[in-house]
Amino acid sequence: MSGSDVKTGGITLRNLQKRYGNAMAVDDVSLSVSPGEFISLLGPSGSGKTTTLMMIAGFELPNSGHVLLDDKDITRLPPHRRELGVIFQNYALFPHMTVAENVAYPLRMRRMAKVEIETRVRRILDQVHLGALDTRYPHQMSGGQQQRVAIARALVFDPPVLLLDEPLGALDKKLREHLRNEIKTLHKEVGKTMIYVTHDQDEALAMSDRVAVMHEGRIRQVSAPKDIYRRPVDLFVAGFVGEVNLIPVKLKSGIVHGPADKTLPAPPWSGADRDATLCLRPENLHLNKGLARSPDGIQGSIVGMTFVGDATIFEFRSESGSRLTSKVLNVSAETMPDVGDPCVASWAASDATILTE
Ligand code: ADP
């Protein structure tokens with residue numbers, strides 16, 4: 001990149017707040033999105049994701065706080081003056097226009113020269129693999145194809161930022177997976193900042209550079225997908241993203257005590273003595289057949305198992321009555337324990353997370 005190329009497309013949210021009546025839809029949200037970054041807003045229905053996105057797009061005004069595009073405060077600019085691309089779940093294509101006309105629309109609104117419009121439309125349609133369908137009408141296309149037209153239309157005027165609100169929500173599972181890979185590839189090709197709203201954790205983890213997990217109008221954690229999954233900061237994030245074993249523990253003099261006062265493997269703890277929760281993903285809980293006593297393991301037995309194709313999910317019950325879940329990939333059937341087998345459950349200290357709220 002030459003010195004004169006100023007990278008644009010950074011979005012900063014400062015203490016955004018949005019109330020509807022007495023209800024706080026978005027509560028003090030601050031976030032910095034770097035130019036070219038792909039960030040997801042992930043959370044359950046009603047957590048404030050869409051309201052946050054709509055304040056960035058300009059379709060909603062915050063009660064307080066600011067939205068910045070690079071260094072410019074755009075909080076009160078109308079949507080069309082923000083020059084941000086927006087893609088909704090219901091493609092919102094014009095039914096009476098062909099694919100090419102739909103995609104050309106934002107350029108016609110900007111009174112661009114005809115030749116330039118044609119060049120740009122052709123280029124973007126090729127990029128989303130729709131070059132051959134330019135004369136079709138929306139009703140002659142599948143849902144996935146229509147969504148690609150919507151993406152092309154949002155990208156054609158070269159906005160620095162693309163805002164996507166559950167764009168794959170109306171599609172079936174296979175198509176969702178296919179299109180999410182396409183959007184990811186497109187993101188690499190065009191290098192735009194993308195802010196992507198979804199309630200689907202797999203989608204958020206698979207696509208994003210970072211994920212912002214929202215709950216009740218607040219951002220609970222912003223991290224790379226791996227850290228959201230492996231190092232959740234609180235019980236909400238731990239429970240919302242993936243399956244998790246939660247074991248009530250007591251932290252005493254830096255040591256983690258589980259049920260029946262047993263010492264449990266966990267990362268070093270240096271804080272004050274207190275109650276806490278040990279959080280462990282099922283794939284990190286190992287079950288070893290037999291009753292060999294192990295200082296780091298918990299004695300118990302298998303009380304249930306479910307075959308789920310690529311893996312088997314085991315339900316383990318400890319001698320003190322705790323129930324834990326273990327997920328084992330089905331690579332070798334011979335070593336698998338069976339229901340009723342006595343087992344020792346164990347895990348690596350580094351795979352456990354201690355949560356204190
Ligand atoms: P999400 O996108 O995470 O599902 P939303 O941002 O749509 O959440 O909504 C957040 C909260 O604000 C919800 O409780 C929702 O009912 C409320 N809300 C959203 N839009 C409006 C509106 N136009 N009027 C009143 N309440 C709204």
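A salt bridge here is a side-chain nitrogen of Lys or Arg within 4 Å of a carboxyl oxygen of Asp or Glu. With that term in hand, here are the close-up views, all drawn from a predicted model.

**View A. A salt bridge joins domain 1 and domain 2.** One salt bridge is counted between the two domains. Take a look at Asp 351 and Arg 230, whose side chains meet in a salt bridge with an N to O distance of 3.2 Å. On the side of domain 1 that touches domain 2, helix H7 (residues 225-230) gives the most, with three residues. Seven residue pairs are in polar contact between domain 1 and domain 2, both residues of each pair being at pLDDT 80 or more.

View B. The domain assignment gives domain 1 as 3-237 and domain 2 as 243-355. Their centres, taken over C-alpha atoms, are 40 Å apart. Domain 1 brings eight residues to the contact and domain 2 brings 11. About 740 Å² is buried between the domains, and carbon and sulfur atoms give 44% of that area.

**View C. Six strands make an open, mixed sheet.** Follow the strands in the order S6-S7-S8-S3-S9-S10. At the edges, S6 (85-87) and S10 (218-223) each pair on one side only. From one strand to the next, the twist averages 15 degrees.

**View D. S3 and S8 run parallel.** Five bridges link S3 (residues 38-42) with S8 (residues 193-198) in the parallel sense. Leu 41 has Val 197 of S8 as its bridge partner.

**View E. Helices H1 and H5 lie across strands of the sheet.** Helix H1 (residues 49-57) lies across S3, S6, S7, S8 and S9, at about 150 degrees to S7. Helix H5 (residues 173-190) lies across S3 and S8, at about 160 degrees to S8.

Note on methods:
Residues are numbered from 1 along each chain as its sequence is written. This is a predicted model: local features need pLDDT of at least 70, side-chain atom pairs count only at pLDDT 80 or more; totals for chains, interfaces and linings use all residues. Side-chain values use heavy atoms; hydrogens and water are left out. Two strands pair if DSSP finds at least two bridges between them. Helices (H or I, at least four residues) and strands (E, at least two) are DSSP runs, numbered from the N terminus. Axes are lines fitted to C-alpha atoms, for helices over the stretch in contact, and angles run from 0 to 180 degrees between N-to-C directions. Contact means heavy atoms within 4.5 Å. Domain bounds come from an automatic or database domain assignment. Buried area is the accessible area (1.4 Å probe) that two parts lose on being put together, summed over both. A polar contact is a pair of N or O atoms within 3.5 Å; within protein, one must be able to donate a hydrogen and the other to accept it, and residues adjacent in sequence count only if both atoms are side-chain atoms.
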